[in-house]
Amino acid sequence: YSFSPYSPTHAAWMARFAGLRAVGSVDHDSIAAADEMIEACRILKIGSTVGCELRVGFGNTPFGDSRLNNPDSIGIGYMVVHGVPRPRIPDVAAFLAPLQRERNERNKRQVLALNHLLAGLSAPPVAYADVEANSLSSEGGSITERHILFTAATSLMQWLVPGRTLRTWVEDHLSGALAPRLRTFLDDAENPHYAYDLIGILKSSFLPRFFIQPSPSECIPVERVVAFANDVGAVPAYAYLGDVAESPTGDKRAENYEDAFLDDLIFELGNIGFKAVTYMPPRNTRKQLRRVRQLCRENNLMEISGVDINSSRQSFNCPEIVEPEFRHLIDTTWALIANEKLSSIDPALSLFGGATDALHVGTLQDQIKRYSEIGRGIDPEHPENAAAAAGL
């Protein structure tokens, strides 16, 4: 509901078709996909987890002047509210609503700035009504820069002939010389992923020319969001990006982010109230993944892994997690699912609920292992009966 080639049902089906046993929805500034995702997974008999991602301000932390995990801004970072208990989904939607309104006002200004650039290139303008129509904002979804770029990309594909003609114009006016792989994609007029490939190119090279920085009222303080996430029984997680050498989706420039100060950052996450670090294994090197794992263990933070699907070209497989040294990420997925389902029954059953019963004995790693076993034992057709899997 914030940008995807797939509906939640389609994404759940694609995950199941790929052989996965769990799938989730994590929308930007929205949690509107959650109920559909939960129901689709129940029908498909696989595990589900739901949450949202949003940008937050780190101005009150030691990293207010640092480039964190956000390519576009200083002192603003992405975080994920993972594992939202189903009864609290309406509360999360209400919390996000004013942030959506702020973002939409900025979106309108960005479209005006985009059209000013397009007019100078004698290219057709983008109508904001078309941007809205290409989103699910009328159903609680959000409008992001990707929606703006998708509308611009489809407009360019109608204006110019997809293939070498369009590719040449893009290189001459929007992106500069493309890498050979991307040039091949755009030269192929029959490429079924054409629009998504073009979006990736525009996001990396053209978006900065009309991007408007979000205000503090859109990117509210990180400590406020973390406190809210903990209050509703969700798992607030910092979204690790790490230095980027080559983006797998072609939408991020090679650039340095948190790696230079990662030890200090992850230590500070615990002070803020974060419970986890979330990351995407295919985006990182083995060295980065091992470092994050070690720092999470040292700072008593849960690891959560997953891959967001922004392009139809992306695979639903994640081979990294079946490698021996990263198989623990499968356990953390099931622990997250168990936490979400048990918290939906009783907040005291949360992995981070602070109780002293048998579920919460031992280290965090002991408890994650226990909750992962519970998660595997939950009947996916009847997740509301999760307490039975916990022996309660």
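Predicted model: local features only at pLDDT ≥ 70, side-chain atom pairs only at ≥ 80, totals over all residues.
Trainee: What radius of gyration does the protein have, and what would a compact globule have?
Mentor: The C-alpha atoms fill a box of roughly 70 × 45 × 40 Å along the principal axes. For 392 residues, a compact globule would have a radius of gyration near 21 Å. The protein agrees with this, because its own value is 21 Å.

Trainee: Which residues have the most contacts inside the largest nonpolar core?
Mentor: In soluble globular proteins, nonpolar side chains tend to be buried together. Here the largest nonpolar core has 56 residues. The residues with the most contacts inside this core are Leu 54, Met 79 and Val 81.

Trainee: Which helix gives the most to this core?
Mentor: The protein has 14 helices and six strands. The helix that contributes most to the core supplies six residues and spans residues 34-44. That is helix H2.

Trainee: Is Thr 49 buried or exposed?
Mentor: Thr 49 lies in strand S2, residues 47-57. Beyond its neighbours within four places in sequence, Thr 49 is in contact with residues including Val 23, Gly 83, Leu 336 and Glu 340. Its relative accessibility is 14%, and the cut-off is under 20%, so Thr 49 counts as buried.

Trainee: How many Å apart in space are Thr 49 and Ser 344?
Mentor: In sequence, Thr 49 and Ser 344 are 295 residues apart. In space, C-alpha to C-alpha, the separation is 12 Å.

Trainee: Where is Lys 45 found?
Mentor: Most residues other than glycine have a negative phi. Lys 45 is not a glycine, yet has a positive phi of about 65 degrees. Lys 45 is found in the loop between H2 and S2.

Trainee: Is Asn 300 buried or exposed?
Mentor: Asn 300 also is not a glycine and has a positive phi, of about 60 degrees. Its place is in the loop between helix H11 (286-298) and strand S6 (302-305). The relative accessible area of Asn 300 is 53%, and the cut-off is over 50%, so Asn 300 is exposed.

Technical notes
Residues numbered from 1 in each chain as written. Heavy atoms only, no water. Helix = DSSP H or I, 4+ residues; strand = E, 2+ residues; numbered from the N terminus. Rg over C-alpha atoms; globule rule 2.2 N^0.38 Å. Core = buried A, V, L, I, M, F, W, Y, C linked by side-chain atoms within 4.5 Å. Buried < 20%, exposed > 50% of the residue type's maximum accessible area, 1.4 Å probe, protein only. Contact = heavy atoms within 4.5 Å.
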